[in-house]
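I opened my notebook today to look around a protein chain, one spot at a time. Come along and check each entry against the picture.

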Amino acid sequence: MQRSGTDLSTFPLTRVTDDVWIADDAPISAAGLVLPIRMTVIRLSNGDLVLHSPVRYSPALRDELESLGSIRYLLAPNVAHWTFLPEWQRQLPQATTFAARGLSARKQVREAGLRIDRELGGTTPQEWSQELETIVVTAPMFSEVEIFDKRSRTLILTDLVQNLDSRHLPVSNQAAVSLLGNARPDGKAPIYLRLLLRLGGRSVQAAAERLVSLKPERVIFAHGDWFDSAATKQLRQSLRWLLPLDASGAAPRPMAGTRVVITGASSGIGHAAALAFAREGASVVLAARRGGILTSLAAQCEALGGRALAVPTDVTDAEAVQRLARQAEDAFGGIDVWINNAGTGVFGAYQDADLALHRRTVEVNLLGTMNGAFAVLPIFLRQNRGILINNISLGGWAPTPFAAAYTASKFGLRGFTASLRQELGAHPDIHVCGVFPAMVDTPGFVHGANMSGKNLDPGPLLYQSEDVAQAFLSLVRAPRDEVAVGWPARAGQVAYAIAPKLTENLVGGAFRFLLSRARRAAVSEGSMIEPSAPGRSVDGGWLARKQLPPAGVISQGLAVLGLAAGLALLASAVTRPRRQIRTRRHRA
C-alpha cells in the first residue's frame, strides 16, 4: 500500500458503542485503487485500548485516544495492514503489538523495523478473552485476524469484506470496483483475494460460518461503508461465495437431533469435528482434559445451531469414560455416534524416552479407545443401533520410525476395530468404522513428546482437521468399515501390503536423513502427562507458516490438471487418424 493524502491523521474519532470507536483517515492508493481506510478502537473493561489496523499517527489523534483509556495493544490484522504501525511503536514503545500469522517473515516488515510481539493463531489472547474473541482466516500468503466484541456484538473485519461506495471514488476507479466485486451495498472481498482464499480449503469456509454464527449486530470494515443494521443478514450476503445455502437461504441442518460424543475435542481434529457436527444441527458431547476450553467450544457449537455439553474427561480413566457415557445419555436421551479421537505420541529413539511416556501413548491411543467402546457398546446394543468411529491414522497401516509406541498403539487399534466389527456382525445397524488420516495440520506436535532433540517438521503435504471432520460426517451418513483421508494414507497402506521390507527401508532411511539435517530443539514431554495451555486451535499453524495450500486443495488441482491432460491426449488421439486420412486423400 502507498500513502495518499496527508502524513498525519487529522480525522476525529466517531463513537459506535460505549466501548467501540472508529477513525476514518484520508484514503490510500493500493495498486492504483483509491481505498478509504479506517481504524477501529476497542476499550476493554480495565480501560486498555486495542487499536485495530491503526491509521496515520498524529499527536491530536493520540490525545483523543488517551482521553478514552490507555493505548495498550496495536493490532496488524493482516499482512497488508501494518504500514502505519512503526510510527505508533516509536511513540508508544510500551504498547504490545499483535499481528496476523506470517507478518514477521515479510521482508518489508523487517526492513521497516516493525516489532511484532506476538502473532495470533487460532486462539484469542488471554488478555482479551473475557470480552473479545478472535477468529483467524488463513490461506496461502494471506492471514487475517477478525475481532468480535462480545459485549456490544460488534464484528470487526479487515479485507474479508470491502464495501466501497463507488460514488465517492474517482471515475477511473469506479469500473475497477465493479469488476473486483467490492462495491456496496453487499461488497465482498476483491476477486483476487477470493481466489486466494479458495486455496485455504475447508478452514476458510469454517471461519466464514463461524463469523455468521456470531450474529453480529454491526460489522465494521477497514474499507468502505460498514453494516450498522441487519448486519448478520448483510454479512451472510457478502460471504455467500463461501457459505453453503439451501433453497431457502438458510444453512442446511441434515443431522438435527443426532447425538454425538467426541473425545479429544479441545483442539485439532476433535475441535473441528465438534463444529462440523454442530453446523449440521447435531447435539455434541465434548470430552477432553481441558474443561475451560471445552466450555468455550460448547458455546461456539450452540451458536452454530447445535446443542452441546462439555464433560472434562481423561480417556485413560475407565470410570471417567463411563461417567461421560452416562452424562451424554442423560442429557440427550441416548447416543447415536461415538468418536474415539483422543490421541498422542512420543517422537524419538525408543530408548531415549522414559518408559512412562511410551506407556502413556498406549494408554491414550489404544486403552482410551477401548474404554470408549466399553462405555458405549451397551448403549448401542440396547438401542440396537449406533456408529462407533475410531480415529486411527496412517500409522495403523505402515510403521513409523522413531514413534515405536505410537505405531504399536495404532496397529493394535486397527486390529481392535476390526475385531469389534466381526463381533457385532449380527447387529447390522451397529457399525464400527476406522478412519486413517494422512499427515494433518493439528497442534499434535505441541501436545506430544519430542525426545529426539531435533525440530519436527511434518512436511509440505498436510491435510486440514476439517478434512477429517468431513470424513466423520460422511461415515455417519453412510457407514463404511475403513476410510482413508488423503491419498498418502491409502498409498502407505498399499505400499506396505505389497512390499513391506522395501517400504520400511525407504521410510526409515528418509526419517534418519531428515533428522540428521534438522535443527536442534529442546526435549519436551509436551502435554502427555499434564494438560497444558498451548495448542488450543483447530490447526497447528504449519500450513500458515509454510504459506502452502492444504493437501486436499493440491490434490484437487492435480486431479483437474490430470483430467485436462487426459482429455487433451484423447482429443489428440481422435484427431490424428482424421488428419492422416485427409493427408492420404490429398496425396491420392
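Before anything else, I wrote down what I mean by a contact: heavy atoms within 4.5 Å. I also noted that this is a predicted model.

**Entry: helix 15 and helix 16**

I began with a pair of helices and asked which residues of helix 15 meet helix 16. I found Ala495, Tyr496, Ala497 and Ile498 on the helix 15 side, and Pro500, Thr503 and Glu504 on the helix 16 side. Sorted by class, this contact has five nonpolar residues, one polar and one charged.

Two packed helices are described by the angle between their axes and the distance between the axes. For helix 15 (residues 487-498) and helix 16, I read an angle of about 125 degrees and axes 5 Å apart. The two helices are therefore oblique to each other.

While there, I looked up Lys501, which lies in helix 16 (residues 500-517). Is Lys501 buried or exposed? Its relative accessible area is 58%, so I wrote down "exposed", the cut-off being over 50%. From Lys501 to Tyr463 I count 38 residues in sequence, and their C-alpha atoms are 27 Å apart in space.

**Entry: helix 11 and helix 12**

Next I turned to helix 11 (residues 355-383) and helix 12 (residues 404-423), whose axes come within 7 Å and cross at roughly 20 degrees. That makes helix 11 roughly parallel to helix 12, because angles under 35 degrees count that way. The crossing is right-handed.

I then listed who meets whom. Helix 11 brings His358, Thr361, Val362, Asn365, Leu366, Thr369, Met370, Ala373 and Leu377. Helix 12 answers with Ala405, Tyr406, Ser409, Lys410, Gly412, Leu413, Phe416 and Leu420. By class, I noted ten nonpolar, six polar and one charged residues in this contact.

**Entry: helix 8 and helix 14**

Helix 8 passes helix 14 in a right-handed crossing.

From helix 8, the residues in this contact are Gly268, Ile269, Ala272, Ala273, Ala276 and Phe277. From helix 14, they are Ser465, Glu466, Val468, Ala469, Phe472, Leu473 and Val476. They divide into ten nonpolar, two polar and one charged.

**Entry: the nonpolar cores**

Phe277 and Phe472 turned up again when I looked at the largest nonpolar core, where they are among the residues with the most contacts inside it. How many residues does this core have? I wrote down 74. Trp338 is another on that list of most contacts, so I looked up its partners because I mean contact as heavy atoms within 4.5 Å. Leaving aside neighbours within four places in sequence, Trp338 touches residues including Val261, Val321, Leu324, Phe380 and Ile389. A second, separate core has 36 residues, Leu61, Leu68, Leu85 and Ala95 among them.

Ser267 sits in the loop between strand 12 (259-263) and helix 8 (268-279). Its relative accessibility is 9%, so Ser267 counts as buried, the limit being under 20%. Beyond neighbours within four places in sequence, Ser267 is in contact with Arg290, Pro443, His447, Gly535, Arg536 and Ser537.

Arg536 came up again with Ile293, which touches Ser266 and Arg536 once residues up to four places away in sequence are left out. Ile293 is in helix 9 (residues 291-303) and counts as buried at 16% relative accessibility. I also looked up Ala478, 185 residues away from Ile293 along the chain, and found their C-alpha atoms separated by 31 Å.

**Entry: backbone details**

I finished with some backbone angles. Ser53 has a positive phi of about 55 degrees although it is not a glycine. Ser53 is in the loop between strand 4 (48-52) and helix 1 (59-66), and it is buried at 7% relative accessibility.

Met141, not a glycine either, has a positive phi of about 65 degrees. Its place is in the loop between strand 8 (132-139) and strand 9 (142-149). At 53% relative accessibility, Met141 counts as exposed.

Where is the cis peptide bond with omega of about 15 degrees? I found it joining Arg184 and Pro185. Pro185 belongs to the loop between helix 4 (171-180) and helix 5 (191-198).

Conventions. Residues are numbered from 1 along each chain as its sequence is written. This is a predicted model: local features need pLDDT of at least 70, side-chain atom pairs count only at pLDDT 80 or more; totals for chains, interfaces and linings use all residues. Side-chain values use heavy atoms; hydrogens and water are left out. Helices (H or I, at least four residues) and strands (E, at least two) are DSSP runs, numbered from the N terminus. Buried means under 20% relative accessible area, exposed over 50%, partly exposed in between (1.4 Å probe, protein chains only). Axes are lines fitted to C-alpha atoms, for helices over the stretch in contact, and angles run from 0 to 180 degrees between N-to-C directions. Angles under 35 degrees count as roughly parallel, over 145 as roughly antiparallel, 65 to 115 as roughly perpendicular and the rest as oblique. A crossing is left-handed if the near helix is turned anticlockwise from the far one by less than a right angle, and right-handed if clockwise. Ala, Val, Leu, Ile, Met, Phe, Trp, Tyr, Cys and Pro count as nonpolar, Asp, Glu, Lys and Arg as charged, and the others, Gly among them, as polar. A nonpolar core is a set of buried Ala, Val, Leu, Ile, Met, Phe, Trp, Tyr and Cys residues joined through side-chain atoms within 4.5 Å.
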